[in-house]
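User: I've got a new model to go through. Can you walk me through the main points?

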Amino acid sequence: EVLWTRLLGQVLGGSTAAFASMLSSFLLGIALGSAIASRFAKTRNAATIGFALSQIGSGVLAWVAFRAADRLPELTAYVGASAATPAKGAAAAGLILLPVTLCIGATFPFGVRLLAKDADEAAAVSGRVYAWNTVGSIVGSIGAGFFLLPMLGLEGTALVGIGTSLALALLTA
């Protein structure tokens with residue numbers, strides 16, 4: 001999210017609207033991805049495959065979106081997005097971020113089903129997965145904002161995130 005806010009801010013301006021556009025796109029994608037994946041996370045085997053595929057999707061689609069960032073000015077101009085038109089900026093952010101965030105959202109139900117041996121463990125495992133997700137979000141935002149972006153720039157930081165998703169997919173398989 002820190003990376004995408006910086007990237008979108010270069011086109012939409014460093015405004016509250018740019019941040020809100022990124023955040024709403026992320027939350028929508030995460031919610032939809034989680035809802036879709038929950039229908040497929042019926043068995044541990046299906047969850048293992050789904051988790052690995054969602055991590056691969058997150059990494060590959062993030063790479064594609066980052067590579068397409070050169071065309072971000074064209075996309076925002078096409079939809080008429082600017083700092084003065086925040087709704088159009090939200091549409092541009094959604095077009096760019098929704099595919100990646102669908103995969104990110106899918107990881108939660110797959111992760112819970114992967115770790116829960118049966119329905120009796122689902123609540124406790126959900127709590128643990130949610131707690132680790134929150135810790136990861138905190139560490140990731142601090143790490144990206146204060147360390148990775150200043151040291152590696154946008155491209156290097158994107159590659160760290162992409163590499164992390166692909167490594168998780170390999171560890172799952």
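Analyst: Helices here are DSSP runs of H or I with at least four residues, strands are runs of E with at least two, and both are numbered from the N terminus. Leu-75 is found in helix α4, residues 72–79. This is a predicted model: local features need pLDDT of at least 70, side-chain atom pairs count only at pLDDT 80 or more, and totals for chains, interfaces and linings use all residues. Residues are numbered from 1 along each chain as its sequence is written, and side-chain values use heavy atoms, leaving out hydrogens and water.

User: What does Leu-75 touch, beyond residues up to four places away in sequence?

Analyst: Ala-92, Leu-95 and Ile-96. Contact means heavy atoms within 4.5 Å. Leu-75 counts as partly exposed, at 24% relative accessibility. The classes are buried under 20% relative accessible area, exposed over 50% and partly exposed in between, with a 1.4 Å probe and protein chains only.

User: Switching to Thr-101. Buried or exposed?

Analyst: Buried, at 0% relative accessible area. Thr-101 sits in helix α5, residues 86–115. Setting aside neighbours within four places in sequence, Thr-101 contacts Ser-25, Phe-26, Gly-29 and Ile-30.

User: How many aromatic pairs in the whole structure?

Analyst: One. The pair is Phe-108 with Tyr-130, edge-to-face, 6.4 Å centre to centre and 90° between the planes. Rings of Phe, Tyr and Trp (its six-membered ring) pair if their centres lie within 6.5 Å; planes under 30 degrees apart are stacked, over 60 edge-to-face, the rest tilted.

User: Which parts does that pair tie together?

Analyst: Phe-108 is in helix α5 and Tyr-130 in helix α6 (residues 122–172), so the pair links parts 22 residues apart in sequence. Phe-108 is partly exposed at 29%. Tyr-130 is exposed at 54%.

User: And the largest nonpolar core: which residues touch the most other members?

Analyst: Trp-4, Leu-7, Leu-8, Met-22, Ile-96, Leu-97 and Leu-154, out of 19 residues. Helices α1 (2–12), α2 (16–38), α3 (44–67), α5 and α6 each supply at least two residues of this core. Apart from it lies another core of six residues, including Ala-37, Ala-47, Ala-106 and Phe-110. A nonpolar core is a set of buried Ala, Val, Leu, Ile, Met, Phe, Trp, Tyr and Cys residues joined through side-chain atoms within 4.5 Å.
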